[in-house]
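Dear colleague,

Please find below the structure that I am handing over to you. My findings follow it.

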Amino acid sequence: MSSCHLGPNLPTWLQTQTSLWYLDISNSGIIGVTPTWLWKWASHINGLIDLSNNQISRNLSRVWLNNTSIHLNSNCFTGLLPALSSNVIVLNMANNSISGPISQFLCQKLNRTSKLETLDLSNNDLSGELPQCWMSWPSPSHLNLGNNNLSGKIPNSIRSLISLTALHLRNNGFSKSIPSSFRNCTSLGLLDLSDNQLLGNIRDWIGELTALNALSLRSNKFIGEIPLQIC
């Protein structure tokens with residue numbers, strides 16, 4: 001039902017659907033606060049739920065998400081990041097007004113090892129430092145935290161993300177040097193650290209990341225020369 005004009009309200013007949021595996025009502029002209037029944041009902045959809053590109057609002061601080069693939073991007077959601085089930089593989093919440101410290105989300109306790117592979121929280125109002133909790137998230141391959149209000153040092157625990165292929169941290173307030181622990185991320189193909197406050201020399205070990213084919217370091221506070229190894 002993607003791009004069908006279902007709005008402005010969320011269809012109430014959805015409540016009668018008890019065996020859905022896949023729900024896509026993206027770009028459907030839905031406007032306003034989600035009804036209280038939606039999130040409990042949606043937790044029984046095992047597959048994909050896509051509500052993206054509408055004007056849906058709700059404080060998500062007390063919401064629990066259990067679907068395999070969740071797309072809530074480009075809406076008007078507010079509050080803290082929701083709690084996740086370990087079943088979630090894809091979570092896209094870009095382009096909302098989600099706020100609060102990101103550590104509360106990344107350090108949440110899961111009943112099993114997380115299966116999360118793709119996490120896009122870009123273009124929100126998240127704040128605070130990245131915590132040393134990456135060991136709880138062993139599977140991410142695509143991580144986008146760009147255009148938030150994150151700060152502090154990029155943690156050395158980033159080394160545990162050995163499956164990471166794309167990392168976007170652009171337009172935040174990260175400072176200090178690029179951690180050498182990135183050397184462990186040998187599958188990394190895209191690294192965007194632009195528009196931060198990173199310091200020091202650009203390290204030549206970046207050239208050792210043989211899978212890296214896109215690197216953006218612009219608008220930081222680096223000094224010295226660009227190493228020949230990454231030219």
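**The sheet**

An open sheet is built from six strands, ordered E9-E11-E13-E15-E17-E19, with parallel pairing. Its edges are strand E9 (99-101) and strand E19 (221-223); each has a single partner strand, so one side of each lacks a neighbour in the sheet. From one strand to the next, the twist averages 15°, an angle between lines fitted to C-alpha atoms, taken between N-to-C directions on a scale from 0 to 180 degrees. Strands are DSSP runs (E, at least two residues) and helices likewise (H or I, at least four), numbered from the N terminus; two strands pair if DSSP finds at least two bridges between them.

This is a predicted model, in which local features need pLDDT of at least 70 and side-chain atom pairs pLDDT 80 or more, while totals for chains, interfaces and linings use all residues. Residues are numbered from 1 along each chain as its sequence is written, and side-chain values use heavy atoms, without hydrogens and water.

Within the sheet, strand E15 (residues 173-176) pairs with E17 in the parallel sense over two bridges. Ser175 has Gln197 of E17 as its bridge partner.

Ile206 lies in the loop between strand E17 (197-201) and strand E18 (214-216). Leaving aside residues up to four places away in sequence, Ile206 touches Ile178, Leu212, Leu215 and Ile230; contact means heavy atoms within 4.5 Å.

Yours sincerely
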